[in-house]
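Here is a short briefing on pockets and their linings. Start with the structure, then read the points by topic.

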Amino acid sequence: MLSLNSHPTGNHFLQIPGPSPVPDRLLRAMSLPTIDHRGPEFAQLGRRVIEGMQRIFGTAQPVVIYPASGTGAWEAALCNTLSPGDKVLMYETGHFASLWHRMATRLGLDAELIAAPRADEWLPQAGHWRHGVDADFIEARLREDTQGRICAVCVVHNETSTGVTSDIRAVRAAIDAARHPALLIVDTISGLASADYRHDEWGVDVTVSGSQKGLMLPPGISFNALSQRALEASRAARLPRAYWDWEEIVAMNSTGYWPSTPNTNLLYALAEAIEMLEAEGLDHVFARHQRWAAGVRAAVTAWGLPIQCADARCHSPVLTGVITPAGVDADALRRVIHARFDLSLGTGLGKLKGRMFRMGHLGNINDLTLIAMVAGVEMGLRIQGVPLAGSGVEAAMQVFRETH
Ligand SMILES: *Cc1c(COP(=O)(O)O)cnc(C)c1O
């Protein structure tokens with residue numbers, strides 16, 4: 001626990017890939033008084049955040065906002081569209097895809113977790129989670145399903161456990177090429193508002209997202225963006241649901257209200273975040289994250305350490321996973337860096353525990369925040385005796401100096 005006595009000076013460097021550092025402007029917005037969620041001012045706030053989130057998702061269809069973490073919105077996406085025993089195809093990009101699969105199984109779905117076999121997984125400590133979704137593999141699996149038993153294809157857009165961003169357009173094209181009626185359900189909990197995402201244009205039926213990553217809010221709210229097909233599916237879907245049910249929420253949202261108490265103060269922050277993102281322009285926001293990611297990757301490459309994502313086409317703009325050499329415990333490294341430099345890095349999740357760490361480049365940060373992060377990691381690596389090929393700080397500075 002933090003105590004005032006032991007709190008270090010200066011600002012903590014929260015460089016985990018979510019929760020991300022929250023802009024002061026959002027924290028100030030959250031400190032406004034909580035208002036009557038059935039009162040007249042509330043409807044204005046409610047409509048503003050729903051319409052704003054439709055623009056952020058790139059959709060003209062309903063967006064449902066839950067007072068829940070992303071995991072709640074995962075459950076909502078499944079239980080609103082599917083029935084007990086329904087077959088769903090899920091793709092193993094990493095730990096989050098695996099957790100979502102476990103949830104689907106617990107909910108009583110016949111969930112199949114697939115992963116294309118890879119020949120280039122030569123690093124034993126990389127845990128085979130080094131690639132994005134292989135859309136051809138999904139197409140082949142759907143073509144085999146001649147009886148149309150697969151009801152949904154579920155993929156993670158930005159796999160936060162590895163730093164791999166998959167091509168959702170290609171997944172849509174694969175479903176269409178197989179002429180398969182399955183719904184497309186996508187988790188972009190950590191991608192939205194940092195990585196390019198277009199719900200309607202890419203033909204996604206349900207998009208799941210959360211507040212504490214690209215949107216820069218504290219944790220506590222999450223989203224389902226819907227399609228007309230998803231709404232139709234929800235009318236026939238028989239998985240038990242009550243709190244998560246879209247119908248009542250969508251109906252009440254048209255007036256700017258919710259059936260139960262929404263997270264009012266987080267909605268203030270959400271309205272402010274949408275304003276900030278739109279004032280900058282979403283295309284600029286996406287380009288900014290790509291540039292940051294390029295600087296951080298240049299640092300890792302200069303150190304001579306492998307990046308968890310083995311495919312240059314799907315490096316995440318949001319975070320970079322770094323594989324530590326065999327025998328170097330990534331969590332021990334993270335502990336040293338935290339203790340010495342007040343810098344938090346993401347841990348290796350699931351089968352990557354101890355084998356890699358994650359550097360976040362999202363939220364309320366700038367070039368110099370990232371130089372500080374890279375410097376903290378570089379010092380930590382040297383303290384732990386990891387041999388480095390060169391200076392990551394120098395490499396990142398060069399990228400940031402030469403691009404803008
Ligand atoms: C963070 C995250 C989740 C889980 O969200 P919670 O808010 O922790 O419940 C799921 N999927 C992805 C890709 C994530 O990044």
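**Pocket briefing**

α5 (135-144) and α6 (168-177) each supply at least two residues of the lining of the largest pocket. Helices (H or I, at least four residues) and strands (E, at least two) are DSSP runs, numbered from the N terminus. This is a predicted model: local features need pLDDT of at least 70, side-chain atom pairs count only at pLDDT 80 or more, and totals for chains, interfaces and linings use all residues. Residues are numbered from 1 along each chain as its sequence is written, and side-chain values use heavy atoms, without hydrogens and water.

**Largest pocket**

- Its volume is about 480 Å³.
- The lining has 22 residues, and T165, S166, D167, R313 and C314 are the closest to the centre.
- A pocket here is an open set of points on a 1 Å grid over the protein atoms alone, where a 1.4 Å probe fits, with protein on both sides within 12 Å along at least five of seven lines; lining residues have an atom within 4 Å of a point.
- α6 gives the largest share of this lining, 3 residues.
- By class, the lining holds 8 nonpolar, 6 polar and 8 charged residues.
- The largest pocket lies between domain 1 (13-21 + 281-402) and domain 2 (29-279), because both give residues to its lining.
- Those domain bounds come from an automatic or database domain assignment.

**Second largest pocket**

- About 400 Å³ of space lies here.
- Of its 15 lining residues, N11, H12, L14, P21 and V22 lie nearest the centre.
- β1 (13-15) and α1 (24-30) give two or more residues each to this lining.
- The largest share, 3 residues, comes from β1.

Notes
Grid points are joined across faces, edges and corners, and a volume is the space filled by probe spheres set on the points. Ala, Val, Leu, Ile, Met, Phe, Trp, Tyr, Cys and Pro count as nonpolar, Asp, Glu, Lys and Arg as charged, and the others, Gly among them, as polar.
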